[in-house]
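Welcome, and please take a moment to turn the model around before reading on.

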Amino acid sequence: MTAIVDTELLSDLQRYGAADVSACFSCGSCTASCPLVSDDATFPRRIIRYAQVGLREQLLSSKELWTCYACGECSETCPTQAEPSEFMAAARRYAIGHYDRTGLARMMYTRPVLGTVLALALAVFFALFMYSARGPQSEASLDIFTFIPEALIHDTGIAVMIIVFAAGLLGVATMVRAVGRAEGLTLGTVVGSWSALKLSARALWLALGVETLGQRRYRRDCDADAEVKPWYLRRWFFHAATMWGFLGLLLATILDYGLALLGIKETGTPVPIWYPVRLLGTVAGILLVYGATMLIVQRYRGQERSVRHSSAADWILLVLIWVTGVTGFALEAALYLPSAPAWGYWVFLFHVAVAMELILLAPFMKLAHAVYRPLALSIQALGSSSLRPSGDRSSGEA
Ligand code: SF4
Ligand code: SF4
């Protein structure tokens, strides 16, 4: 990779919330204390060094941005208060802003007032758009799809997904090309032969199944509270509950739609609480609201290093997730009440508007890490000497 020096890199990173790392004298204490450092991934000192000397492309192509779990351990050991953990979080925001080709992510992170106004405007837009097609409110039962036509929600959802997919795909392609090249991966080494395919499948399983869904290293190596708090009060579980809840609700929505397509159950038809898809949605909703609530409380208290600095976009994302979950529960409660409460219709309208906004903004906020991290972990696993037969990669300098 040609080394192009960007003299603005450090100040640009500070616009994304990075601490002033000019005090860092490369002692390496942070790297020595990081529980996730391995021969295949050395950070945060190297990433800070990239920023100090203006190696923008090297920084953006570092898989380590995504393999860091923001535990804050490195900041505890830094002798100069350079806040390496905070720097890594800001570098991830910077990377999301640069992988995204629309400029929206950059705006969300660097112009907090404009980002907040946009978030509010989007919620109002979706609510008014749905409201403009409203039908009558039945008083006998909560007939939500007579109030807001199901076809409108479906078509709007498809339009939102197309935008998200197109924007997300561009970001993913940029990220994978940069990180994959830096790690020496080519199409041939990933899918070029039967053994390469087997290796790729194994790497994907490690990244997606073991590390992302199972949170193995987060739980095992990156949990400073392991000795002092029960599992349900630990940071890894807040993160996992939010992710599992989000995925569970997505699955419940897809299954519900699938049942309607198969003619088994119309969407919105009242079902008992123990109906499998409803039960899945309820359990997933509980996990989502619990996880998001605890993450908000933790961020609000700001006692832990990992959450001491928050961008407006971090708050917007958590609030959107929380509001989507809570309004989902309020709607469920309204559906099971014997008479149709009028507020149920408004909760439904608000729930749909916020959920649409959450999905639409996903590639432009922290939620993008839900895709970038597994990809980086896959690339790391693919390049790992434990998976590769010939260990032909040189590891990075610490
Ligand atoms: S925040 Fe934690 S995982 Fe990230 S670099 Fe620091 S010690 Fe490592
Ligand atoms: S511990 Fe602090 S001073 Fe030392 S390399 Fe890390 S960030 Fe720099």
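Accessible areas here come from the Shrake-Rupley method with a 1.4 Å probe. On that basis, the accessible surface of this protein comes to about 19100 Å², and carbon and sulfur atoms hold 66% of that area. Please keep in mind that this is a predicted model.

**Overall build**

- The protein has 19 helices and 0 strands.
- Along the principal axes, its C-alpha atoms fill a box of roughly 70 × 50 × 45 Å.
- The radius of gyration is 23 Å, which agrees with the value near 21 Å that a compact globule of 398 residues would have.

- Of the 398 residues, 48% count as buried.
- Among contacts with a separation of 6 or more, 75% join residues 24 or more positions apart.

**Leu317, in helix α17**

- You will find Leu317 in helix α17, which covers residues 312–336.
- Leu317 counts as buried because its relative accessibility is 7%, and the cut-off for buried is under 20%.
- Beyond its neighbours within four places in sequence, Leu317 is in contact with Leu358, Met365, Lys366 and Leu367.
- Ala119 is 198 residues away from Leu317 along the chain, yet the C-alpha atoms of the two are separated by 9.5 Å.

**Arg93, in helix α7**

- Is Arg93 buried or exposed? With a relative accessible area of 6%, Arg93 is buried.
- Arg93 has its place in helix α7, made up of residues 84–99.
- Setting aside residues up to four places away in sequence, Arg93 touches Tyr16, Gly17, Tyr109, His309, Ser311 and Asp314.
- One of these partners, Asp314, has a number that falls within the 312–336 range of helix α17.

**Ser62, in a loop**

- Where does Ser62 lie? Its place is the loop between α4 (56–60) and α5 (64–67).
- Not counting residues up to four places away in sequence, Ser62 touches Ile47 and Tyr50.

Technical notes:
Residues are numbered from 1 along each chain as its sequence is written. Chains are lettered from A and ligands numbered from 1 in the order in which they are written. This is a predicted model: local features need pLDDT of at least 70, side-chain atom pairs count only at pLDDT 80 or more; totals for chains, interfaces and linings use all residues. Side-chain values use heavy atoms; hydrogens and water are left out. Helices (H or I, at least four residues) and strands (E, at least two) are DSSP runs, numbered from the N terminus. The radius of gyration is taken over C-alpha atoms; the globule rule is 2.2 Å times the number of residues to the power 0.38. Buried means under 20% relative accessible area, exposed over 50%, partly exposed in between (1.4 Å probe, protein chains only). Contact means heavy atoms within 4.5 Å.
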